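Please look at the structure shown here, and read the paragraphs below alongside it. They go through its contacts step by step.

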Amino acid sequence: MERLRRTMLFMPGNNPSMLQNAGILGADSIILDLEDAVSITEKDAARILVRNAIKNVEFYGTEVVVRINPLSSSFGLKDVEEIAKAKPDAIMVPKATEEDIQIVDEMLSSIETQEGFPHGSIKIFPLIETAYGLENIDSIIRTSSRAIGVLLGAEDLTADLGIKRTREGEEIFYARSKVASTCRACKVDAIDTPFADMNDCRGFNKDIHKAKSLGLTGKAAINPRQVDTIHEVFAPAEEEIKYALRVIKAMEEAQREGKGVFSLDGKMVDAPIIARAQNVVKKAKLAGLV
Amino acid sequence: MKNILGREIPEYIEGYGTVKAFKGAFASLREVERKAVKLQSAEPTEKKVLSSIKDAIEKCTIKDGMTVSFHHHLRNGDYVLNMVLEELSKTGIKDIRVAASSIFPVHAPLVEHMKSGMVTGICANYMSGPVAEAISRGELKYPAIMHTHGGRARAIESGDISIDIAFIAAPTCDTYGNINGVEGKSACGTLGYAVPDAMYAEKVVAITDNLIPYPACPIEITQEYIDFVVEVESIGDPNGIVSGTTQITKDPVGLKIAKMTSEVIEASGLLKKGFSFQTGAGGTSLAVADYVKKLMQQKDIKGSFAAGGITGYMVEMFEEGLFESLFDVQCFDLKAVESYRENKRHQNMSASMYGNPHNKGAVVNNLDVMILGATEIDTAFNANVTTGSNGMIMGGSGGHSDTAAGAKLAIVVTQLVKGRLPIVVDDVTTVTTPGETIDVLVTERGIAVNPKRQDLIEKLEKTKLPIMSIEELKQIAEKMTGTPEKIEAEDQLVAVIEYRDGTVIDTVKKI
Amino acid sequence: MGMDIKTPAKAGTMESNDIYVIVQPNDEGGIIIELESIVMKQFGKKIKEVILETLEALNIKNIHLSAKDRGALDYTIKARVETAVKRGM
């Protein structure tokens, strides 16, 4: 099923209160986090808790993604092993490389067979947060047909590049553009890195607009209070929807009348405009706006 | 016998008397009479200032079995109730009834007076802490009587509660008994709950820590009601009297509930010029106010009034011009105290004016929207704010039943599950407020509208809000938590829950 | 033959909606459960059942388990018991 992924909300994996409420916070996707949000001594506890939560907690149709620990750590493989059995919608692989995706893909295939899940039902979300990952997004995505999107992790990426992470985010202009363009080429979602400062509303707003303007399709959130704002920016605007609906109506009329080419408001409507309109309407429908 | 809600209640209760069964929220509105007050008229030369509480007690001529009253504007900082009972205990008096508008954890010493047999009866609109727990354990001789804020005023006016001596904590008092609450180190703002006590008690003693020369303008409780004035070192702890400003909740679930609630209010059609509004001081209630505030700003709506215990948050909305006036029975924080002192349109109201069903019209009748909490709500929309689901007393109506009855739209906002406890249940442990007066329940997982409000259901079904039946909400809750075991209560009655009109809506058993 | 707890271990927290579980070897044999809960009256029996079921599924026959429950739902109780047991084996 095609989904809207305007927001992917991080939830700490070892916190029952948060897990229980994860599905009602309005995010399109939730990322149950076993990595950074869980201390090294609680990795086993969080893994078991998240596994149980996926099986038992009602998430009301919200996409459930689990961020596992890096495969290079001693936790990553165990995470996949345990979590996949509970059938999350997707596994998010940190510091992803082609090799990692290959390994996870194969493990998922064997668990799916073993558990009787339809093959390919558990998706993969590579987390791009190294220079290597950034330069090889295309091949990382193409490693597995399970890949449905990419999350850009700017904190680790800038650390890897040895550059300073700033509020304005000029330093990730290239990374954002690269992620957006490659993902669009591979027809998967491109999710922007989260914004950390909850008190800087204006900076947050600018940051979301920036991401949208560069072609990213959604943004990660680290606090439920960020969700509504991100949705407002990423949802198609009212005029955009109205125009798109008119384009489609005009197109249908033209088809009925057997016209190949038609115009709207005096301007010729061609294939890219129709495609864009259809895309807008589809998104608007998913967002419940039409 | 059973009352109209199917609650089993005795026909007669020792220490309470004959029980009038609850017959419906508006069944008792009729011609009523106020009691006559016996008083001692003052000679022109008489002085009122006495040197100690002890003197005052002696002058008032105390007797076994009498009723003494207190008000709760000093909240969990109050020293007056404890000081007076301490002094009374030295006299050897017994079998007295304490009629306090509310009882807080600070009143823990009262438990000892219950055990000693000095205090055998208690009435209150709200109680929490050691006294409430001791009552739940059966340590008070006669069942406590739980009133509503408006119901207490009614009971005092009608003579259902006859107060022998009212002790009034007075932040500022002059030598002839005029009282105001806005000056002095223990300033607490309005004194609305003390007004019926002052007017209907046989003897009234003002206890103050700010005795000033006559007259103490602006006067709130006037001299013709006051017999004696006693100066003490301190009537309360300022830290407990007015809390710091309550913050809007940051809990995402609370915020979600608040946002949905504001959407319900918007869809109801009541949010327009002249809008009136009341909400509690809890974090989620304040968040509702915050969303309502944004809607009022966006739509450029000027409301009529906000009422209740007033918080700094309401003051901000008022000062911003979103409301023409405030009606205030009790200030919740310093900002409210200051506003009440400075602004003429920040109007005080007595408990009777606020919520008494048996007067010629209370402020609650003018409310459009009321935001309420609940510890439990049942599938008939009856709400419990008196006991926990384990049967322990931990609250009380306060203004809950009064505002629910009066407001055009009474909304209960709560998480559907707290800890492991489902909040929507088949039968509440204790009925505080009857379901016929509650219109909507908003939880983070869905909204239920009282079926008697078909008009509202029609309006809300046009929105994208998750409207469902209250039975569905109950199922969602129980799917998460499992079905709780029924609490086995003992037979001993520990409290009688009076509806605002004086009928008995429920009882609480010993646990 | 059941598995046994070899060393004392704990899991969970005292946060609301969580449960703090401590497991120890039980040399006397058998299963001993000590439970404190903020919802003891409403759910005490049910919580003990869930703990027992979880121990059974893990094939634990001898254990001393004490738990302080802060309103955890079943999935959390099961997770914390499983974690504590695995840590103690």
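Within chain B of this predicted model, 29 residues of domain 1 of chain B are in contact with 32 residues of domain 2 of chain B. On the side of domain 1 of chain B that touches domain 2 of chain B, helix 4 (130-136), helix 5 (149-158) and helix 6 (195-200) of chain B each supply at least two residues, and the helix that gives the most to this side is helix 5 of chain B, with seven residues. When the residues of that side of domain 1 of chain B are sorted by class, 13 are nonpolar, 11 are polar and five are charged.

From the contact inside chain B we can move on to the contacts that chain B makes with other chains. Where chain C touches chain B, the contact takes 13 residues from chain C and 11 residues from chain B, and the residues on the side of chain C divide into five nonpolar, four polar and four charged.

Chain A also touches chain B, and here six residues of chain A are in contact with seven residues of chain B. The side of chain A that touches chain B has, by class, three nonpolar residues, two polar residues and one charged residue.

Methods
Residues are numbered from 1 along each chain as its sequence is written. Chains are lettered from A and ligands numbered from 1 in the order in which they are written. This is a predicted model: local features need pLDDT of at least 70, side-chain atom pairs count only at pLDDT 80 or more; totals for chains, interfaces and linings use all residues. Two residues are in contact if their C-beta atoms, placed from the backbone, lie within 7 Å. Ala, Val, Leu, Ile, Met, Phe, Trp, Tyr, Cys and Pro count as nonpolar, Asp, Glu, Lys and Arg as charged, and the others, Gly among them, as polar. Helices (H or I, at least four residues) and strands (E, at least two) are DSSP runs, numbered from the N terminus.
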